[in-house]
Amino acid sequence: MMSTLISWGSTERTNCITTKEREDMEVGMSSQNTLHMNSGVGDKSYAHNSFFQKKAIIKAKPILEESITRLYYNILPKCLKVADLGCSSGPNTLEVIYNIINIVYNTSSNLNLSSPDFQFYLNDLFESDFNTIFKSLPQFYKTLEGKKGNKIGPCFINATPGTFYKRLFPTSSMHFFHCSYSLHWLSQSPEELTIDGGGTVERDGIYLTSTSPIGMQKAYLGQFQRNLKAFLKSRSEELVTGGEMVLTFIGRQNNTSEIRATWNLLGLALNEMLLEYHTKIS
Ligand SMILES: C[S@@+](CC[C@H](N)C(=O)[O-])C[C@H]1O[C@@H](n2cnc3c(N)ncnc32)[C@H](O)[C@@H]1O
């Protein structure tokens with residue numbers, strides 16, 4: 001099994017505490033059954049606000065090409081089975097699929113082979129807006145036919161809802177996993193920090209900084225390590241021999257990144273507002 005791990009960008013969402021995670025800390029629950037991106041195609045939808053994530057897909061394209069080409073040469077599958085994990089709903093989802101089809105089309109043409117069939121599995125959490133993707137499929141199939149005609153094998157697109165921190169597919173059934181900008185979402189707040197876990201809930205920040213308590217930093221790192229291990233274990237059981245993955249993460253380049261400063265300012269502003277609210281009602 002080959003895996004390409006790309007550390008990209010300047011922030012590390014792994015260490016960021018969202019409002020949802022903070023709420024979860026207070027009730028000591030996992031966020032996997034409720035978390036989702038903004039649905040639909042309106043102004044505030046994920047579909048309309050995912051350009052930053054698209055940049056990561058564009059940047060990782062050469063690595064995707066290298067990985068898919070190697071996989072295709074090694075396995076020459078009759079039907080290429082691919083999953084996009086944490087696909088969300090928006091133009092990025094179908095862009096990834098199109099890129100993969102294009103790479104396989106070019107590689108099989110170079111080898112004078114006919115294109116394989118394609119089976120894509122779109123994975124995200126249960127509450128994700130799969131319907132918006134399904135509604136865009138007729139146009140996608142039309143575009144594909146317009147651009148590739150009958151030169152590519154049939155393409156089947158399915159949804160696989162569920163958490164990627166557990167098994168999603170049968171043993172040794174998948175050729176390729178793609179996961180972009182998703183693995184920084186933790187499955188839950190670290191138990192050490194929940195009230196049930198006996199920890200102290202920190203209320204003075206929304207993002208880990210050098211001044212955050214070391215216990216909190218360690219707790220988030222530990223949670224990320226547990227999650228990544230569970231992810232890799234499941235995928236290693238699902239991949240066929242010679243299968244590949246491309247995982248794209250966001251990460252912090254250094255401690256003074258601009259985005260981190262923005263989170264700090266946002267945290268300060270939120271704390272001020274909270275203080276003002278408490279002053280008013282007391
Ligand atoms: C920032 S979006 C990235 C979406 C898409 N890959 C892209 O590049 O535009 C992260 C996605 O990961 C999904 N996600 C988070 N945790 C997940 C989990 N445990 N299992 C499956 N999907 C998850 C979220 O619901 C969200 O749709």
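Biologist: What should I know about the numbering and the limits of the model?

Modeller: Residues are numbered from 1 along each chain as its sequence is written. The model is predicted, so local features need pLDDT of at least 70 and side-chain atom pairs count only at pLDDT 80 or more, whereas totals for chains, interfaces and linings use all residues.

Biologist: Which residues of helix 4 are buried?

Modeller: An α-helix has 3.6 residues a turn, so residues three or four places apart point the same way. A residue is called buried if 20 or more other C-beta atoms, placed from the backbone, lie within 10 Å of its own, exposed if 12 or fewer do, and partly exposed in between. In helix 4 the buried residues include Asn92, Val96, Ile100 and Val104, and also Thr93 and Ile97.

Biologist: How do helix 3 and helix 4 cross?

Modeller: Two packed helices are described by the angle between their axes and the distance between the axes. The axes of helix 3 (residues 61-75) and helix 4 come within 10 Å and cross at roughly 50 degrees. The two helices are therefore oblique to each other (angles under 35 degrees count as roughly parallel, over 145 as roughly antiparallel, 65 to 115 as roughly perpendicular, and the rest as oblique).

Biologist: Which phi value does Asn112 have, positive or negative?

Modeller: Most residues other than glycine have a negative phi. Asn112, in the loop between helix 4 (91-110) and strand 3 (117-123), has a positive phi of about 55 degrees; Asn112 is exposed, with 6 other C-beta atoms within 10 Å. Ser172 has a positive phi too, of about 45 degrees, and is found in the loop between strand 4 (155-159) and strand 5 (174-180); Ser172 counts as exposed, with 11 C-beta neighbours inside 10 Å.

Biologist: How many residues surround the ligand?

Modeller: A residue is near a molecule if its C-beta atom, placed from the backbone, lies within 6 Å of it. By that criterion 23 residues surround the ligand, and Asn92 and Trp185 are among the closest.

Key
Helices (H or I, at least four residues) and strands (E, at least two) are DSSP runs, numbered from the N terminus. Axes are lines fitted to C-alpha atoms, for helices over the stretch in contact, and angles run from 0 to 180 degrees between N-to-C directions.
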